[in-house]
Amino acid sequence: MKKRSKMQVSWDDRVFDIVTWAFLLFFIVIVMYPLYFVVIASFSDPMYVNNGQLVFLPKGITLMGYRRVFMDKRILSGYLNTLIYTGCGTVFGVCVTMLAGYSLSRKDLPGRNIIMMLFVFTMYFSGGMIPMYLVVKSLNLVNTRLLMVLLGSVSVYNIIITRSFLAGNMSDDLLDAARIDGCGNARFFVSIVLPLSKAIVAVIALYIAVVHWNSYFNAMIFMTDEGKYPLQLYLREILLSATTTINTTTETDPEAAMRLQQMGQVIKYGVIVVSTVPIICVYPFVQKYFVKGVMIGSVKG
Amino acid sequence: MTQRKKTLILMKRNWVLYLFLLPAVIYIGTFMYAPMYGLIIAFKDFTASKGIMGSPWAGMKWFTTFFHTPRFWQILGNTLAISLYSLVVGFPLPIILALIINNINNLKFKKFTQTVTYMPYFISTVVLVGMMSVLFSPRSGVINTLLSYLGGSGDTFFMGESKYFRHMYVWSGVWQNMGWNSIIYIAALTGVSQELHEAARIDGANKLQRILHVDIPAILPTMIILLIMNCGNVLSVGYEKVYLLQNDLNTPVSEVISTYIYKMGLQQQRYSYSTAIGLFNNVINFLVLVTVNKISNKVSGTGLF
């Protein structure tokens, strides 16, 4: 690599470099700027934000918006619910996926191809919204926290990735050696397979957690009790309703109500930051496993 | 030893593995296969009180109802337009990004670029649409502010006017998913041998030629697989984002099959009708997938199955 840069660079390579760098900078700015703007707007004085005077730097730094956000009971309740659904759902999903993925990775399991085919079929064909609704209703799961934990936890795609990873990483010799030592399937899984699968556990845990953290539609369909709403449903109310519906206290003083109205935009920016930072922060921890994990899933599709 | 005996011995020895599979089988059975049984109501006059089996048969009534509604062509057209637009824009961009990132020699900068471009993927649909609505809002939104510096009017209602709907939908999707979708190509590109590049360089190939003749052939199978998968989804524009972007002004261009299914089914309680539309949608998707896969198998030798 080093040698190459010392060699003479031809003009067409130089043009190529300039063009790709321009593209890259453009990509980075396009991706970063909206995120950056949201953050600076959330710290700025509502007056400047509402008048569109904010472009590159925060103006009139204040934490008013955040104070309002954290005073809103719906945000706190939604946060708590989402944490429960995401936490339990991820643990449940990782367990089911690892167990199934391991079994399906074993070549000496009769019937594994049939089960695999039945699983994969559901990736391309499904019952649809209403039949799903009827099933959930007949199981008495409508408006239950259990349903919010279950939905989205197990996906065939994750099972396939796990299976491919384990099929590639667990050698038959290892299993044979363990078996000679009198180690059964269950113990082999717990004490050999799991410790060697940290990468794939991290990847699928992230996948499942992101789905749980971000989903709103299932909750919109199945949940009727506001106390059980996940964060995203409240966010929908706050971010996408025409008027500012954030209501920390019922303002009777007209001047205070006006001020609250003015703060609408800043509060929205604050809500966006507060709801998104946790899930974005998870990614760097898992990043090192990532390219590997995704590649396995893609190769064997 | 006969084959059957062998199988039985294996099954007995590995019975624990079947136990391992049980939770997943129950889950898939309950949330995937049980709803498929419910598809029967697409051919019935379903009422909740009579149940799935007790409701009278209706034949193909609901399908013909759908084909004859005045909005049928509009909804079908919207769905196709959005998904083809997304495909044409959203398919090549991640590949270009991956090829560019792969060309960065500075490892730290490479990692930085990747982290930055993945970030939007983690933003939820609700927050994404919320961000769009504040950033693009007519007076206070920063996009309009920037446009007014460039001589624009500064009060374009991007989120309301129907002529912007498709662009907003597709380009926000590109913004959110481009980086993430490039991972798979970056992963495939790390497998390209450096010797091949070196050989091409000695033969006098410049960077662009090396990308065209070394890198792209190497990721071609990945590209084909993803293209097939995308084509299989040509009639399934998800309801999650469209529903949030919808308003009274833009429904003529924003109503797609999935949102129509939701409205007919859960808002108007027309269960059988909604199920029939869903089934129609599903079958078309499945047929397209199988066809594209077959063509690809013949032409390129790569396929999903």
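1. Ground rules. This is a predicted model, where local features need pLDDT of at least 70 and side-chain atom pairs count only at pLDDT 80 or more, while totals for chains, interfaces and linings use all residues. Side-chain values use heavy atoms, with hydrogens and water left out, residues are numbered from 1 along each chain as its sequence is written, and chains are lettered from A and ligands numbered from 1 in the order in which they are written.

2. The interface in numbers. Chain B puts 93 residues into the contact and chain A puts in 96, with contact meaning heavy atoms within 4.5 Å. Between them the two chains bury about 8900 Å², 77% of it on carbon and sulfur atoms. (Buried area is the accessible area, 1.4 Å probe, that two parts lose on being put together, summed over both.) On the chain B side, F20(B), Y27(B) and F122(B) lose the most area to chain A, together 8% of what that side buries.

3. The rule finds 2 salt bridges between chain B and chain A, a salt bridge being a side-chain nitrogen of Lys or Arg within 4 Å of a carboxyl oxygen of Asp or Glu. K207(B) and D17(A) form a salt bridge through their side chains, at 2.8 Å from N to O. Helix α2 (residues 15–38) of chain B gives the largest share of the side that touches chain A, 18 residues. (Helices, H or I with at least four residues, are DSSP runs numbered from the N terminus.) That side of chain B splits into 63 nonpolar, 23 polar and 7 charged residues; here Ala, Val, Leu, Ile, Met, Phe, Trp, Tyr, Cys and Pro count as nonpolar, Asp, Glu, Lys and Arg as charged, and the others, Gly among them, as polar.

4. In one of them, E237(A) pairs with R74(A), with the closest N and O atoms 2.9 Å apart. E237(A) sits in helix α14 (residues 231–240) and R74(A) in helix α5 (residues 73–105), 163 residues apart. E237(A) is partly exposed at 28% relative accessibility, whereas R74(A) is buried at 15%. (Buried is under 20% relative accessible area, exposed over 50%, partly exposed in between, with a 1.4 Å probe and protein chains only.)

5. A loop-to-loop pair in chain B. E255(B) and R71(B) form a salt bridge at 3.3 Å between the closest N and O atoms. E255(B) is in the loop between α14 (251–254) and α15 (257–267), and R71(B) in the loop between α4 (61–68) and α5 (72–90), so the pair ties together parts 184 residues apart in sequence. E255(B) is buried at 3% relative accessibility, but R71(B) is partly exposed at 31%.

6. A local pair and a network. R201(B) and E198(B) meet in a salt bridge at 2.8 Å, N to O. Both lie in helix α11 (residues 194–202) of chain B, 3 residues apart, about one turn of the helix. Separately, R106(A), D108(A), R179(A) and R13(B) are linked in a salt-bridge network.

7. The cores. A nonpolar core is a set of buried Ala, Val, Leu, Ile, Met, Phe, Trp, Tyr and Cys residues joined through side-chain atoms within 4.5 Å. The largest has 184 residues, and F37(A), Y102(A), F290(A), F31(B) and M131(B) touch the most other members. Leaving out residues up to four places away in sequence, F37(A) touches L54(A), V55(A), Y269(A), L135(B) and V142(B). A second, separate core of 5 residues includes I225(B), I228(B), L289(B) and L304(B).

Conventions:
Helix = DSSP H or I, 4+ residues; strand = E, 2+ residues; numbered from the N terminus.
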